[in-house]
Amino acid sequence: MLANLININKYYNGRQILKNINLTIDEKDRIGIVGVNGCGKTTLLRILTGKELPDRTTEKDGIVSLAAKTSIGYLEQMSGLDRESTVIDEMKGVFSELDSVMERMKILERQMNENSDVSNDVADEYSRLAAYYEANDGYNINVKIKTILNGLGFTEKEYQRTISGFSGGEKTRLAIAKLLLEEPNLLILDEPTNHLDFKTVLWLEDYLKDYKGALLIVSHDRYFLDKVVTSVCDIELGRLNRYKGNYTAFTMLKREDVKRKQKEYDAQQREIAKLEDYIAKNKVRASTAAMAKSREKALDKIEVLEKPVEVANQPHLHFEYAVTPPFDLLSVKDVDITVGEGSGKKLLAEHISFELKRGEKLGIIGENGIGKSTFLKILQNILPHNGKIKWTSNVRISYFEQESANLDPYNTVIDELHKHYPILTDLDIRSLLGSVGIKGENVFKETGVISGGERAKVCFALMMLEKGNVLILDEPTNHLDLMSKEAIEQALDEFDGTVIFVSHDRYLLNRISEKILEIRSDGTEIFNGNFDYYLSVTKKREQEQQQILDAEKFEKAHAAAREKNARAYKSKEQRAIEAKRRSRLNELENLIGENEALLDKIQNEISKEEIYSDFELMNEKCAEIERLKKDIDSMFEEMIELS
């Protein structure tokens, strides 16, 4: 055990945020914490790290116990950095103790070199320090720093920059880098994927999969949680419930848990109603007053269950269409994405071509600024373009625009729907808005003052009324809470029409997409699968590229060896050394070939469901991959030295 929280309670302004929270964290735990904004996730982390104190009513409440061996690393936004330090100095500061050990070793080395009669104490101290330095991987400090900084998107040119000159997002990445170098056995991360681009998030996921310590992560990035955590703590109405498995497993387990709690709640309400009815009918009768009083006492002892909140507030979306288009739905050929006009016109991507069949679901990805939103408008002929876009007949497009710009900000929510569908009654519209999660007085607020999530829900309500057989959506899950994200995903998953959507939400991309269109400045490509499939293809290409680089490195080593051989001395002793060297080179070549074959085999295995769905087995395979890569690199280095 690393940490244990017992009966943690916290009040703010008279409102209880956390209620009797209990949580045990063990050495290898990978825990995700989820819940709506303001539920107390960050407060719980601050209590665990001692930055806030829990509220205590008895001596048995509010206990935070840490094992003596526990070292905590806590990521808070833009924290833990010396603003006046350079990047490389800040990272090297993590290893200050090992640097001191190395300085002492250098002093002892000089003493031993300058005086052959030094005492045994000097030699013993040097030996002890050298063993400590090697055991703590001191000789790989620079490699570690470079690996982590590069993985988090910092080039060597930025190593000498002063931290105060970086943006908030860059400082967050540097704080993550420093924590990873410190290697605490309990790493606590609060929204670590904020400010990280696609590539960096993928790198961080891979790095954390092999992290040796325990992880405690607060995140709204469900795909990240799916890949990293093995249990999920859900904070709802102040209480914490822990579920085994990743985020996807949690959603299924919680759904079943809510159903069970709803049944228990309904059964208890029926029992309470029966008791109340009996008491009301029999309390005034002399013959049954005693029995009524007994039932009244029983009623008073019942601990009334809370009504499961998710059942009451869960949005329900459903898209349907009236007209079915032909099977061959859309043909796109040689379309360019451009922005600006005249001399300021800029080409972002070109020669986009693909076909889409009825009922297919296409996810569109690409770097920020590559023109994805522009492309959605080009598909609808809202913007002029080069190339050909051909829709079949009977296509009815329903469009969700990013930031809900199509809504009149001065209309109330109910008036906005009346404007588009004047024949609907207020009751019809309020019923529809209620189903998407907009209730009560919120229907009379102007669309310009409600939250981004509520505006998105208004747009979803309009789309439900439009009955389009093609849904085109631009970042549909932006601004939505987890419950609403799950509702829109469920609706899109059940929709049997065609869906084209742009998103950075990898969980949505993975669940809904049947095809992925990646838009790049150097060309575009269609991947016939979901986001996991897209990743598997791109990773395989990276591996193949690495093999090509390894082969080039291998050939350079051999060329250097051949050149060295041509200049070698031919004495008997030198010939023996040369023969031994050639033998070792041949041995290394065979070993590299064997290890690369084994590496290919394991990399193919981890793409299979029976492997990646088994967390422990997947961890073993990933560890084996890293070991093989290190062995191959070491053997290449030895070959170069022998050459």
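Leaving aside its neighbours within four places in sequence, which residues is Lys485 in contact with? The close-ups below come from a predicted model, where local features need pLDDT of at least 70, side-chain atom pairs count only at pLDDT 80 or more, and totals for chains, interfaces and linings use all residues. Numbering starts from 1 along each chain as its sequence is written, and side-chain values use heavy atoms, with hydrogens and water left out.

**View 1. Lys485 is buried yet has no salt bridge.** Lys485 sits in helix 16 (residues 482-494); helices are DSSP runs of H or I, at least four residues, and strands are runs of E, at least two, numbered from the N terminus. Beyond those sequence neighbours, Lys485 is in contact (heavy atoms within 4.5 Å) with His220, Arg222, Thr477, Leu480 and Asp505. Asp505 is also the nearest side chain of opposite charge, 4.5 Å away; a salt bridge takes a side-chain nitrogen of Lys or Arg within 4 Å of a carboxyl oxygen of Asp or Glu. Buried here means under 20% relative accessible area, exposed over 50%, and partly exposed in between (1.4 Å probe, protein chains only).

**View 2. Helix 5 (residues 141-151) and its buried residues.** Ile141, Ile145, Ile148, Leu149 and Gly151 are the buried ones. Looking down the axis, they fall within an arc of 165 degrees, so they line one face of helix 5. They pack against helix 2, helix 3, helix 4, helix 6 and helix 7. After helix 5 comes Gly153, with a positive phi near 90 degrees.

**View 3. Ile72 in strand 5 (residues 72-75).** With 32% relative accessibility, Ile72 counts as partly exposed.

Terms used. The arc is that of the directions from the helix axis to the C-beta atoms. Lys and Arg count as positive and Asp and Glu as negative; His and the chain ends are not counted.
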